[in-house]
Amino acid sequence: MPYLIETFDKPHSAALRQAVRDSHLDFLEENKGLLLACGAKLEDDGTGGTGSVYIVDVETRAEAEDFVNRDPFAVAGLFERTVITRWRKAYLDGKCYL
């Protein structure tokens with residue numbers, strides 16, 4: 001059962017996000033088999049990350065927690081808070097899964 005993970009960056013942490021970004025992208029590439037979707041949350045003008053959204057295909061909340069806790073962004077202390085929610089895939093890439 002997939003899980004949606006939403007992270008919220010600490011205030012004034014743009015420099016930390018940028019400093020760790022390459023390691024974070026490597027982590028995503030290494031774990032792409034678990035990812036249904038992911039990406040940064042941006043300001044309305046399209047600049048600056050304010051957090052991230054991941055939809056991971058894992059079986060348990062513990063696996064979702066382990067995934068996000070291993071992300072270099074988390075390891076570096078970027079996230080102020082993280083919310084993990086079980087997610088039902090209804091539509092993905094225009095395909096119905098109901």
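**Exercise 1. Fold and overall dimensions**

The chain has three helices and six strands, where helices (H or I, at least four residues) and strands (E, at least two) are DSSP runs numbered from the N terminus. The model is predicted: local features need pLDDT of at least 70, side-chain atom pairs count only at pLDDT 80 or more, and totals for chains, interfaces and linings use all residues. Residues are numbered from 1 along each chain as its sequence is written, and side-chain values use heavy atoms, with hydrogens and water left out.

Solution. 
1. Along the principal axes, the C-alpha atoms fill a box of roughly 40 × 30 × 20 Å.
2. With contact meaning heavy atoms within 4.5 Å, 67% of the contacts between residues at least 6 apart in sequence join residues at least 24 apart.

**Exercise 2. Aromatic pairs and the core**

Task: Determine which parts of the chain the pair of F27 and F67 ties together, and describe the largest nonpolar core.

Solution. 
1. Rings of Phe, Tyr and Trp (its six-membered ring) pair if their centres lie within 6.5 Å; planes under 30 degrees apart count as stacked, over 60 as edge-to-face and the rest as tilted. The count by this rule is three aromatic pairs.
2. F27 and F67 make a tilted pair, at 5.1 Å centre to centre and 40° between the planes. Because F27 belongs to helix α1 (residues 14-30) and F67 to helix α2 (residues 61-70), this pair ties together parts 40 residues apart in sequence.
3. The ring centres of F73 and F79 are 6.3 Å apart with planes at 85°, so this pair is edge-to-face.
4. Buried means under 20% relative accessible area, exposed over 50%, and partly exposed in between (1.4 Å probe, protein chains only). F27 is buried at 6%, F67 is buried at 1%, and both F73 and F79 are buried.
5. Ring pairs also join F27, Y54 and F67 into a cluster.
6. A nonpolar core is a set of buried Ala, Val, Leu, Ile, Met, Phe, Trp, Tyr and Cys residues joined through side-chain atoms within 4.5 Å. The largest one has 16 residues, and I5, Y54, V56, A64, F67 and V68 have the most contacts inside it. Two or more residues each come from β1 (2-9), α1, β3 (49-57), α2 and β4 (79-86).

**Exercise 3. Positive phi angles**

Task: Locate H12 and D93 and decide whether each is buried or exposed.

Solution. 
1. Most residues other than glycine have a negative phi.
2. H12 is not a glycine, yet its phi is positive, about 60°. H12 is found in the loop between β1 and α1 and is exposed, with a relative accessible area of 86%.
3. D93, also not a glycine, has a positive phi of about 50°. D93 is placed in the loop between β5 (91-92) and β6 (95-96), and its 80% relative accessibility counts as exposed.
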